[in-house]
Amino acid sequence: MRFSRPAPPLDRREFLKAAGLGGAAALTAGLRPLSASGFDPASCRLMEFDVSYRTQIASLPRDAEDVQIWMPLPSSDHAQQISGLEIDSPLPYDVTHEARFGAPMLHVRSEARSGVFGLEARYHVTRRQVGIRPGTLAGSDRQKYLQLTNTVRTTPEIDMFTAEIVGSETDPYAIGRRVFDGIREILFYDSSIPGCGTGDTAWIMRHRRGKCDDYHALFMAMMVSRGVPVRWEQGFPLPYPEGGTAEAGQLEGDCTGAHCWASFYAPEHGWVPVDVSEGDKLESGGEFYFGNLSPNRFQVSVGRSVVLNPAQGGDPLSSFAFAYAESDGIPLIYALNYENIIKYAVTRVEMV
Amino acid sequence: MTPNLLLLAMLAFPGGVAAQDVAEVGQPPPPFALPDEHGEVHALADLIGQPIILYFTHNMCHYCTQVIAFLKRAHAEYEGTDLAIVTINVWADDGRLISRYKEAYGLPFDMLAGKDPDLLRNYEVNYVPIIIFVERDGTIRYLYEHYVLQEDFERSVAEIVAGGLTP
């Protein structure tokens, strides 16, 4: 096994500090982990917060001609209400929708000679604690929740693991519970991993550690391998409102600051939400996060292997939490060519 | 043995990718041949016998680019030696992205297009960056995942250039 690293994994802040990245280190100052040991996630009923999501083009390649930005936009559903949407853009923009799941996004296109520009979306989120959502899944929709990707896949060892913990169980709800527990049994939540993962389930099974992306990629692969539809839900974390209060902060704008969870469909119950990684991290979360989600989060997109609208020139995105930018069909370089600045300010917390 | 221990024991020797197929400290790095920005293919096998730094990155990795500064310093410090620095962008499948990345950071060493399923599997590229130091004897001396501190980077490169002896 490849655990023989020359040194223990480095903490991200330690690295940034050592590398002298004052600006980047400052970015992390307002970031608090989603988990707070000892916090009862069932104790928070509702959170409201204002979000400012800004993408700034800082520089462009010398030969750039056509520049595009796609920014995910949250939508209202049973778990969250989005209100007060305001968009600031010096250029014309479109609100488009991803083809499979209909998630909205903001799209701006510019000629490079227009110079650098920014794009900002501001909105208010009311997010509730949610549980199992009764409903049906039409046969025509079922297939799109049974699709894996080139990284979220089954492997012989995943099949072996699934067979071991699921056995001959065929009830989707019971399968979900066994997979939820089984993953928490074998994976270690490795907070030293900075992010930028692809959800490669082969890597996850070999190393048996990871973060939210890894936990839910494995959950999705195992459930889908048993024919259970899974909905990948991509968003951002906010701190737990310890003491019934929360604060303002800023989220990492590259591949590190997002959070994800999933729901699976069980005909006798409906859509069952799970947050496997929080269920593993949080001492009191093991029961709660099977069938419930805490409100300290907001969702901005659905699905993996995301083809944007209009389609990007690069590969499908592993997931779509962060605004993505290209010029001439080539991905721009994050932090060099563009930056995402995502801020939140909690305005209301309702405890049970 | 409890069921859980039995399961863990089973998983310790998975039936998929064999351990010797992936990059491991003490083992030869998995071979690859990848194109640069001009389409010229570079084979790792051609570098074996030299100290080599392999660096995996992509365009969304903010802090990965800090390692570029370490690599550029090493390139300057060890100019005239046989140290080979090979960077691999795992988002790139042609020369356009590579060309822009190299120009953006002024890379004085090779960057190759690494969007290759075999490469990603053999080097287990789930998270980037990955920094690998290969000795002249063709084995991996150090493999850093996620981050490398500057002092560890500098010590590692000094060791492989010195031939495995601490300078």
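Analyst: The account below begins with the model as a whole, turns to the helix pair, and then widens to its surroundings.

This is a predicted model, and the predictor assigns the complex an ipTM of 0.85 and a pTM of 0.88. For chain A the average pLDDT is 88, with 88% of the residues scoring at least 70. One stretch should be read with caution: over residues 1-33 of chain A the pLDDT stays under 50, although the model has 52 contacts for this stretch beyond four places in sequence.

Chain A contains nine helices and 16 strands. Its length is 352 residues, of which 49% count as buried. If one takes the contacts in chain A between residues at least 6 apart in sequence, 76% of them join residues at least 24 apart.

We now come to the helix pair. Two packed helices are described by the angle between their axes and the distance between the axes. Here the partners are helix H5 (residues 172-186) and helix H7 (residues 212-225), both of chain A. Their axes come within 10 Å and cross at roughly 145 degrees. The crossing of H5(A) and H7(A) is right-handed.

Which residues meet in this contact? From H5(A) come Ile175(A), Gly176(A), Val179(A) and Ile183(A). They face Tyr215(A), Leu218(A), Phe219(A), Met222(A) and Met223(A) of H7(A). Sorted by class, this contact has eight nonpolar residues, one polar residue and no charged residues.

A residue in a loop of chain A also deserves attention. Gly199(A) is located in the loop between strand E7 (188-189) and helix H6 (201-207) of chain A. Is Gly199(A) buried or exposed? It counts as buried because it has 28 C-beta neighbours inside 10 Å, the cut-off for a buried residue being 20 or more. Apart from neighbours within four places in sequence, Gly199(A) is in contact with Asp213(A), Asp214(A) and Ala217(A), and also with Thr151(A), Val152(A), Arg304(A) and Ser318(A). Between the C-alpha atoms of Gly199(A) and Lys211(A), which are twelve residues apart along the chain, the separation is 9.2 Å.

Domain 1 covers 35-128 + 313-351, and domain 2 covers 139-301. Taken over C-alpha atoms, the centres of the two domains of chain A are separated by 22 Å. Their contact draws 40 residues from domain 1 and 43 residues from domain 2. On the side of domain 1 that touches domain 2, strand E1 (44-57), strand E6 (118-128) and strand E16 (338-351) of chain A each supply at least two residues. E16(A) gives the largest share of that side, ten residues. By class, that side of domain 1 has 27 nonpolar, seven polar and six charged residues.

The mean pLDDT of chain B is 87, and 86% of its residues reach 70 or more. Over residues 5-19 of chain B, however, the pLDDT is below 50.

Technical notes: Residues are numbered from 1 along each chain as its sequence is written. Chains are lettered from A and ligands numbered from 1 in the order in which they are written. This is a predicted model: local features need pLDDT of at least 70, side-chain atom pairs count only at pLDDT 80 or more; totals for chains, interfaces and linings use all residues. pLDDT is the predictor's confidence in each residue, from 0 to 100. Two residues are in contact if their C-beta atoms, placed from the backbone, lie within 7 Å. Axes are lines fitted to C-alpha atoms, for helices over the stretch in contact, and angles run from 0 to 180 degrees between N-to-C directions. Helices (H or I, at least four residues) and strands (E, at least two) are DSSP runs, numbered from the N terminus. A crossing is left-handed if the near helix is turned anticlockwise from the far one by less than a right angle, and right-handed if clockwise. Ala, Val, Leu, Ile, Met, Phe, Trp, Tyr, Cys and Pro count as nonpolar, Asp, Glu, Lys and Arg as charged, and the others, Gly among them, as polar. Domain bounds come from an automatic or database domain assignment. A residue is buried if 20 or more other C-beta atoms lie within 10 Å of its own, exposed if 12 or fewer, and partly exposed in between; C-beta atoms are placed from the backbone.
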